[in-house]
Amino acid sequence: MRATVIHGPNDIRVEEVPDATVRNPTDAVVRVVSACICGSDLWAYRGVAKREPGQRIGHEFLGVVEATGADVTSVRVGDLVVAPFVWSDGVCDFCREGLHTSCPHGGFWGSAGSDGGQGEAVRVPYADGTLVRLPAEAAGDERLLAAMLALSDVMSTGHHAALAARVRPGVTVAVVGDGAVGLCGVLAAKRLGAEQIIALGRHTARTDIARAFGATDVVAERGEAAIAAVRELTKGQGAHAVIEAVGTEQSMRTAISIARDGGAVGYVGVPHGGSAGVDIGQMFGRNVAVGGGVAPARAYIPELLADVLDGTIDPSPVFDRVVGLDEVPEGYRAMDERTALKVRIAF
Ligand SMILES: [Zn+2]
């Protein structure tokens with residue numbers, strides 16, 4: 001089969017690799033129908049996150065079950081399924097608590113020795129604990145497939161940030177980051193009943209999506225000017241809930257600074273650049289909570305899927321380009337250069 005392989009910084013190739021097969025009785029093999037490139041893949045692409053040359057890449061995919069191990073009971077050959085960006089056993093203490101990302105049997109697609117999502121097929125460990133079945137009639141509906149693919153990471157991550165930021169009906173929310181996760185954070189905040197949603201971003205194509213997702217205000221400024229602009233929009237108080245979806249010191253500093261006293265920051269941007277953005281003194285004096293982290297997407301997919309299927313939310317507009325498998329390296333380039341927001345791979 002063919003799959004995307006990372007050989008080093010800026011060196012993404014599509015190559016022939018060994019076929020995905022059932023190795024353990026709890027495995028399934030999924031033939032990928034739709035996958036995508038994540039903003040977090042760019043950290044590896046840019047060489048900031050280290051990878052062994054030859055590692056697979058990609059952690060968001062949906063597809064059709066092609067084979068199952070003897071112990072798999074929740075999915076059958078032919079089922080349309082989506083995978084969260086981490087696999088998990090579904091039965092341990094952490095999985096039962098909804099923190100599947102801490103599963104001792106869990107792991108990340110594309111880690112050394114495992115298949116990545118940006119390939120023709122994927123061996124799925126712990127298929128019962130990992131995969132979520134999708135309605136068969138969704139096959140062929142490209143918009144719906146795109147919306148459901150977003151559940152594997154960006155929509156679930158935006159939702160996690162909104163929960164960590166304690167979004168609730170009637171509050172003011174600010175979203176730092178105009179990537180796919182930030183935009184999904186807007187959609188999640190709207191879904192949870194936020195009244196005012198301030199999106200920070202300067203790319204019109206992206207802030208237009210933010211507005212379509214429910215943003216009531218857009219702040220194009222950065223740094224101190226952004227902080228002042230958010231305060232201006234919130235009676236000088238700041239936002240009850242702040243979603244941080246970038247992962248830099250600057251974005252974290254901005255997020256904490258625009259939180260209202262007694263408010264909360266939900267951070268889901270993968271941290272790169274240390275923790276200097278976290279001003280404990282400011283958090284103490286103003287009672288600002290900071291929570292979040294890697295999103296247990298598996299815990300959220302069933303609930304969010306129901307809302308995708310009944311039309312309550314549609315995250316599909318975050319995908320603004322579709323490529324075939326052979327054009328994946330071009331897709332990385334486009335996202336790195338920010339000429340594409342999020343690239344979907346159709347097989
Ligand atoms: Zn577990």
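Trainee: How many positive and negative side chains does the protein have, and how far apart do the centres of the two sets lie?

Mentor: In this predicted model, there are 32 positive and 42 negative side chains. The centres of the two sets are 4 Å apart.

Trainee: How many helices and strands are there in the protein?

Mentor: The protein has 12 helices and 18 strands. Its radius of gyration is 20 Å, close to the 20 Å from the globule rule for 347 residues, so the protein is as compact as a globular protein of that length. Along the principal axes, the C-alpha atoms fill a box of roughly 60 × 40 × 35 Å.

Trainee: What percentage of the residues count as buried?

Mentor: Of the 347 residues, 56% count as buried. The accessible surface comes to about 14,000 Å², and carbon and sulfur atoms account for 50% of that surface.

Trainee: Where does Asn10 lie, and where is Arg166?

Mentor: Asn10 is in the loop between β1 (2-8) and β2 (11-16). Arg166 is in the loop between α5 (154-164) and β11 (172-176).

Trainee: Why does Asn10 count as exposed?

Mentor: Exposed means over 50% relative accessible area, and Asn10 has 52% relative accessibility. Arg166, at 44%, counts as partly exposed.

Trainee: Which residues does UniProt list for the Alcohol dehydrogenase-like N-terminal domain?

Mentor: The unreviewed UniProt entry lists residues 25-135. That span is 12% helix and 31% strand, with its end C-alpha atoms 25 Å apart.

Note on methods: Residues numbered from 1 in each chain as written. Predicted model: local features only at pLDDT ≥ 70, side-chain atom pairs only at ≥ 80, totals over all residues. Heavy atoms only, no water. UniProt positions renumbered as here; feature names shortened; annotations may be inferred. Helix = DSSP H or I, 4+ residues; strand = E, 2+ residues; numbered from the N terminus. Rg over C-alpha atoms; globule rule 2.2 N^0.38 Å. Buried < 20%, exposed > 50% of the residue type's maximum accessible area, 1.4 Å probe, protein only. Areas by Shrake-Rupley, 256 points an atom, 1.4 Å probe, with all protein chains shown as cover. Lys, Arg positive; Asp, Glu negative; His and termini not counted. Charge placed at Lys NZ, Arg CZ, Asp CG, Glu CD.
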